[in-house]
Amino acid sequence: MRCFLFLAICLGFSFSVFSQSDQLARNFFDQGEYEKALQIYQELYEKNPANMTFFEGMVGALQQLEEFDQAEKLLFQRLNNSANNPSILIELGHNFELQNNAERAKQFYEEALKSLAGRPNYAYSIARSFERYNLLDYAASAYEQAMEMNTDKNYNLQLARIYGEQGKIEKMFSNYLDLIEDDMKFYSIANREFNRYISEDASSEGNTIFRKLLLKRSQENPSLLYNEMLSWLFIQQKDFGKAFAQERAIYKRGEKNLQGILNLAVMAKNAEDYEAAEEIIAYAIEESPSPTFNLRGRHFQLGLKEKTVSGKELEKLEQEYRSLLEEYGYTSETLDIQVDLANFMAFRLDKKQEAVALLKNLSKSNLNEFEQAKVKMATADILVMQEKFNEALIFYSQVQHLVKNNELSQEARFKVAKTSYFKGDFEWAQTQLKVLKSSTSQLIANDALELSLLISDNSIEDSTQAALKQYARADLLAFQEKPTQAITVLDSVLTGHKGEKIEDEALYKQAKLFEKEQDFEKAAGNYHKIIELHGKDILADNANYFLAELYANQLNQPEKAKEFYEQIIFNFADSIYFVDARKKFRMLRGDNLE
């Protein structure tokens, strides 16, 4: 037993020494000290000649020192001692390629491929050796030959990745689809790769190839998989009508599950394609036998109408809310509808007192803590709108106590900060925001950071915070759905505090309000001023992007839109708008059109 323990200790010590020396050699190699690395690798190799890592390290160091003859000698020795391992042939080819002897290198590469005829099991190691030196054509050939020789071998995953790197997009898509057909566990891997080549632009090369491939396969094999993939593709292109046709086919031929159609309606709404969302949800309601689903669907329809109605239609929509509640009852099951009705009354119909009364009555129902929190949050929002700040703060605090470890609690804390900011208590607002910057919700954390920076940046040069108080007032008026008054207050900020830190924030806020009022020329004017006066500040990329959006979508000046998308591409590579700007610039330029 003692002898065994002693042997184990010795072996462990020996392994530790090898490991440390190997790491030291790697460090020298990475730092360009190849002679030192070579010396250590030679010592390690002499003690353990079977270790390929030490051998490859020694050869690599020799090649870096341009001792190609010595490296060749070692490689041939290894080849003879390892029963002509084909991977060594690739290393020999690479050694000649480093000497710009492409013809000799090619001989060894092709010899390695030929060796597959008698040794198909070497395919993976040969292909990986080729990939190591970015010899993708040879690597693909190795996998392809192995699959031809042995139909049980499946290298579709490796080939798909190589085809993608080679730019052989159709082959890449095809291999991934073969993988998914055989085993759905590859779906998430394939989908990640598809996302690299698919964009919103239906006419781009990737989208066109993928669509044609899916349609062809669907005709040859009418599997639901291809309907699902086509639906996914059309969703990426924001073509919800075509996606709906695929989801409808899946529903009819599948297990009659409406969840996919409901999810599609939500995506269409989020993308502001309200017409498509209405068509999709109407079909779902018609098909559903479930009263609960029917209720959810009709509630969703009312939310869609809120996005598009105005004037006298607002009163009619309120009645539709009430009709639905009378049909299903004022119960906990319809809580979300009652909350939405209260918000609609307060923010769209200016019936704030009636809305608060509805919510306070609802809070007397037999609700659980989470439901109580939702009602109190909505009540507090309306109280802020009425400028009953202290009462609102009490309600927000109650929400935090009701759902302590829920995201709703963090949202309530942010609204405490925002309410304090509205009333001019910037110090208390900052206290709350400091906690929220590390929120588990990225959206809340980002909002908290943005508001915190606004307060701190505009408190340094103005100890009275006069400009910030005016800006906060405009912000409150915007929240109260009083855009015209908010614009007027921002005019005062811009006139009275010209050239101060708050100027770009005021211009940007006012531009968004002009857009809401559909005064697109004035909005564009503000964005131009931000670019001119604050072209290197934090809002410069926002101004360039939204100015481009205005020219592209509202002012019908595509050439000007291209100009400002291009500004994002060349001057704001780290902007959150970079990917979108590049995509839209290429579309306007006419890239990759069929």
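Here is a short chat about the predicted model shown above.

Q: What kind of model is this, and how are residues numbered?
A: It's a predicted model, where local features need pLDDT of at least 70, side-chain atom pairs count only at pLDDT 80 or more, and totals for chains, interfaces and linings use all residues. Residues are numbered from 1 along each chain as its sequence is written, and side-chain values use heavy atoms, with hydrogens and water left out.

Q: How many helices and strands are there?
A: The protein has 32 helices and 0 strands. Those are DSSP runs numbered from the N terminus: helices are H or I with at least four residues, strands are E with at least two.

Q: What does the C-alpha trace span?
A: About 90 × 70 × 65 Å along the principal axes of the protein.

Q: And how much of the protein is buried?
A: 47% of the 594 residues count as buried, meaning under 20% relative accessible area with a 1.4 Å probe, protein chains only.

Q: Switching to Thr-419, where is that?
A: Thr-419 sits in helix H23, which covers residues 407–422.

Q: Is Thr-419 buried or exposed?
A: Buried, because its relative accessible area is 2%.

Q: Which residues is Thr-419 in contact with, leaving aside neighbours within four places in sequence?
A: Val-384, Phe-389, Leu-393 and Tyr-396. Contact here means heavy atoms within 4.5 Å.

Q: What about contacts across the protein, how many come from residues 24 or more positions apart?
A: Such pairs account for 50% of the contacts with a separation of 6 or more.

Notes
Buried < 20%, exposed > 50% of the residue type's maximum accessible area, 1.4 Å probe, protein only.
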